Amino acid sequence: MITTIGFDADDTLWHNEPIFEAAHDRYRALLARWHDAATIDRRLFTTEMGNLELYGYGIKAHALSCIETAIELSGGDICAAEIREIIASAKEMLAHPVELLAGAGEAVGQLAGSFQLLLITKGDLRDQERKLAKSGLAHHFAHIEIVAEKNAETYARVLRRLQIPPAHFLMVGNSLKSDILPALGLGAWAVLIPYHLLWQGEQAAAPLPSAVAGRFSQLPTLRELPALVARLNAVPGTTTASEDSRQKSEEHGRPGCSS
Ligand SMILES: [Mg+2]
C-alpha cells in the first residue's frame, strides 16, 4: 500500500526550465560575436558537467560555468561589463517569481489529506528554500529534503531515515534520471509527469516494463495523480507489496497506468 508520496519540485510543482532557457538566449546573444549558438550550448554543457562534482546544481553553479565558458570561448577577450551581464542574469533568475504548474496546488492539497508527503529536490539550498517558501505549498509536506544528488543512494538514505519501506513509497517527478529510475530501482513506485523542456543533463531512457512490474506510470499532469494513487492502492497485492501479484496486475492491465 502506498502511504508516502515524494514530489520533485522543479518542473514538477513549479516552472523552472523556461527560466534557464530565457537565460540561455541572453547568453547566446552575449557571445554571438565569437561563436554560433550550437557551439556555445555544447561548450557550456561540457563546462557544467565538468563542474558538477565541485559546484553541484543550481543557478549559482550555472553562472560560474557561464563565466568560465565565456572566458574560454572569447579567448579571454570578454570584458568586465559582459561578465557583469552574466551575473545580472543569474540574479534575475534567482529573483524570478515562483509559478506553480497547473493543478499542482490542488493535487498536493488533496493528497496531503490522506498521505505523508515529502519534497525531494536537488539544487542550491538557499534557492530551493526560497522557491518553496514562495510556492505556498510548504505546509503540505511532512519532510523537505534538499539534496546534492538524486540517485538510488539518496532515496535509500531518505527512506531509511524516515522508516518508510520502499514498497510503500511513490515518487513523482519530471525526470526519469533523477526521480523515476532511482525510486524504481529500490522497489518503490514512480509516476513520470513529463515537462515540455528537459535539461540535457537529465536525459535518460525509460525503464523496461518487464523490469518494473507495473510500478511505473506516466501521467499528463498532476491533476490525474490523486485518482491514479487511489487506483494503485485499490489493486490487490499493493497492500502486501507482493511482487507476484503486482506482476499479475500488470499483465491484466491497469487503466491510466502506462508502464
Ligand atoms: Mg524536476
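Reader: Let us begin with a pairing. Which residue is the bridge partner of Ile5 in β2?
Author: The bridge partner of Ile5 in β2 is Leu117. Helices (H or I, at least four residues) and strands (E, at least two) are DSSP runs, numbered from the N terminus, and two strands pair if DSSP finds at least two bridges between them.

Reader: Before going on, what kind of model is this, and how are the residues numbered?
Author: This is a predicted model, in which local features need pLDDT of at least 70, side-chain atom pairs count only at pLDDT 80 or more, and totals for chains, interfaces and linings use all residues. Residues are numbered from 1 along each chain as its sequence is written.

Reader: Back to Ile5. Which residue is its bridge partner in β4?
Author: In β4, Ile5 has Leu170 as its bridge partner. Strand β1 (residues 4–7) pairs with β4 in the parallel sense over four bridges, and β1 also pairs with β2 in the parallel sense over four bridges.

Reader: Which way do the residues of β1 point?
Author: Thr4 and Gly6 point one way, Ile5 and Phe7 point the other way, and all are buried. A residue is buried if 20 or more other C-beta atoms lie within 10 Å of its own, exposed if 12 or fewer, and partly exposed in between, with C-beta atoms placed from the backbone. In a regular strand the side chains alternate between the two faces of the sheet.

Reader: What is the order of the strands in the sheet?
Author: The open sheet has six strands in the order β3-β2-β1-β4-β5-β6, with parallel pairing. Its edge strands are β3 (143–147) and β6 (216–218), each of which pairs on one side only. From one strand to the next, the twist averages 20°.

Reader: How does β4 connect to β5?
Author: Strand β4 (residues 169–173) runs parallel to strand β5 (residues 189–192), and four bridges join them. Met171 has Ala190 as its bridge partner in β5, and Leu170 stands opposite Trp189. The chain crosses from β4 through helix α8 (residues 176–185) to β5 in a right-handed β-α-β crossover. Right-handed here means that, with the strands pointing away from the viewer, the path from the first strand over the helix to the second runs clockwise.

Reader: What is Val172 in contact with?
Author: Leaving aside neighbours within four places in sequence, Val172 is in contact with Ile5, Gly6, Phe7, Asp8, Thr12, Val191, Ile193 and Leu225. Two residues are in contact if their C-beta atoms, placed from the backbone, lie within 7 Å. Val172 has 29 other C-beta atoms within 10 Å and is buried. Val172 and Leu225 are 53 residues apart in sequence and 8.9 Å apart in space, C-alpha to C-alpha.

Reader: A change of topic: how do α3 and α4 cross?
Author: The axes of helix α3 (residues 59–73) and helix α4 (residues 80–94) come within 10 Å and cross at roughly 165°. Axes are lines fitted to C-alpha atoms, for helices over the stretch in contact, and angles run from 0 to 180 degrees between N-to-C directions. The two helices, α3 and α4, are therefore roughly antiparallel, a term for angles over 145 degrees. The contact includes Ala63 and Cys66 of α3 and Ile86 and Ala90 of α4.

Reader: Lastly, which residues have a positive phi without being glycine?
Author: Among them are Asp11, with a phi of about 65°, and Gln163, with a phi of about 55°. Most residues other than glycine have a negative phi.

Reader: Where are these two, and is each buried or exposed?
Author: Asp11 is in the loop between β1 and α1 (17–30) and counts as buried, with 22 C-beta neighbours inside 10 Å. Gln163 lies in the loop between α7 (152–161) and β4 and counts as exposed, with 6 C-beta neighbours inside 10 Å.

Methods: Parallel < 35°, antiparallel > 145°, perpendicular 65-115°, else oblique.
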